[in-house]
Amino acid sequence: MAGIVVIFDFDKTIIDCDSDNWVLDELGFTDLFNQLLPTMPWNPLMDKMMKELHAQGKTIDDIVEVLKRAPIHPRIVPAIKAAHALGCELRVVSDANMFFIETILEHLGLREYFSEIDSNPSFVDEEEKLRIFPYHDFTKSSHGCNLCPPNMCKGRVIERIQASLEGKKKIIYLGDGSGDYCPGLKLGEADYMMPRKNYPVWDLICRNPMLIKAEIYEWTDGEELEKVLLQLINMISLEEDDANSSQFISVDCKLQTMSASKSAFPHALPVPQ
């Protein structure tokens, strides 16, 4: 199964919340954030909020304790461990930040399962406050994508990953937000897109599913994510075994393999109301 790379979004995909909002809500800074949000981009605003947390006496330990309480579906951890055990390479591509992601993954005992994390860089400075910076420094130049926020184009990250992969590796991409649409457009016909149903990326895909070259399999919660992901890995494994033995696996067999999951979009679907 060395031929599969599973790429996870983080917020509302691995964990069941937005990590930025979770930290600010739990520490009582929601009102200030909402007040400032119309005045500046999200990523620089999060850096400003970390400075504000520090100024009001909130410590790195306070942030870490909040992150450890981030909600997560009980089947997500087993799903990640199972995918890794089957030989898949696992990565995270997220518009959160490295400190939040690594803190949560380490708390869950999952950090070692991921070969790479692409997210907004962050570090604790000499004053013991968290600093958050953009993945793409848009103050110097634009990444040029009008689908993505100025600080991070996940599509460009996917293109870099695709260029680095050796051999005919298949990508399974899981995400929920509008920022996951651009990378979905970069996937090829041999790849798989797993959008979270009734979330922004699902709505965007539903407007014209044919724009996505990859096969599309939706999921609704952690239980279904686990089921669909492992069935996809199993299906790809059967196809690879077939290619190696020059035997043909019938369409019926494939459909049976995916029977418990959602099928790919056969036609354009209406946007859910």
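Biologist: Where is Asp9 found, in terms of strand 1 and helix 1?

Modeller: Helices (H or I, at least four residues) and strands (E, at least two) are DSSP runs, numbered from the N terminus. Here Asp9 is found in the loop between strand 1 (4–8) and helix 1, and Asp11 has its place in the loop between strand 1 and helix 1 as well. This is a predicted model, in which local features need pLDDT of at least 70 and side-chain atom pairs count only at pLDDT 80 or more, while totals for chains, interfaces and linings use all residues. Residues are numbered from 1 along each chain as its sequence is written, and side-chain values use heavy atoms, with hydrogens and water left out.

Biologist: Which feature does UniProt place at Asp9 and Asp11?

Modeller: UniProt positions are given in the numbering used here, with feature names shortened, and annotations may be inferred rather than shown by experiment. In this case an unreviewed UniProt entry places "active site" at Asp9 and Asp11, and the lining of the largest pocket includes Asp9 and Asp11. On a 1 Å grid over the protein atoms alone, a pocket is an open set of points where a 1.4 Å probe fits, with protein on both sides within 12 Å along at least five of seven lines, and lining residues have an atom within 4 Å of a point.

Biologist: Does Asp9 count as buried or exposed, and why?

Modeller: Buried means under 20% relative accessible area, exposed over 50%, and partly exposed in between (1.4 Å probe, protein chains only). Asp9 counts as buried because its relative accessibility is 4%, and Asp11, at 10%, counts as buried too.

Biologist: Which side chain does the side chain of Asp9 join in a polar contact?

Modeller: A polar contact is a pair of N or O atoms within 3.5 Å; within protein, one must be able to donate a hydrogen and the other to accept it, and residues adjacent in sequence count only if both atoms are side-chain atoms. The side chain of Asp9 has such a contact, of 3.2 Å, with the side chain of Thr13.

Biologist: Which residues does UniProt list for "binding site"?

Modeller: The unreviewed entry lists Asp20 and Asp95, which are spread over 76 residues of sequence yet cluster in space, with a largest C-alpha distance of 9.9 Å. Asp20 lies in helix 1 (residues 19–26), whereas Asp95 lies in strand 2 (residues 89–97). At 30% relative accessibility, Asp95 counts as partly exposed, and its side chain makes a polar contact of 2.8 Å with the side chain of Asn120.
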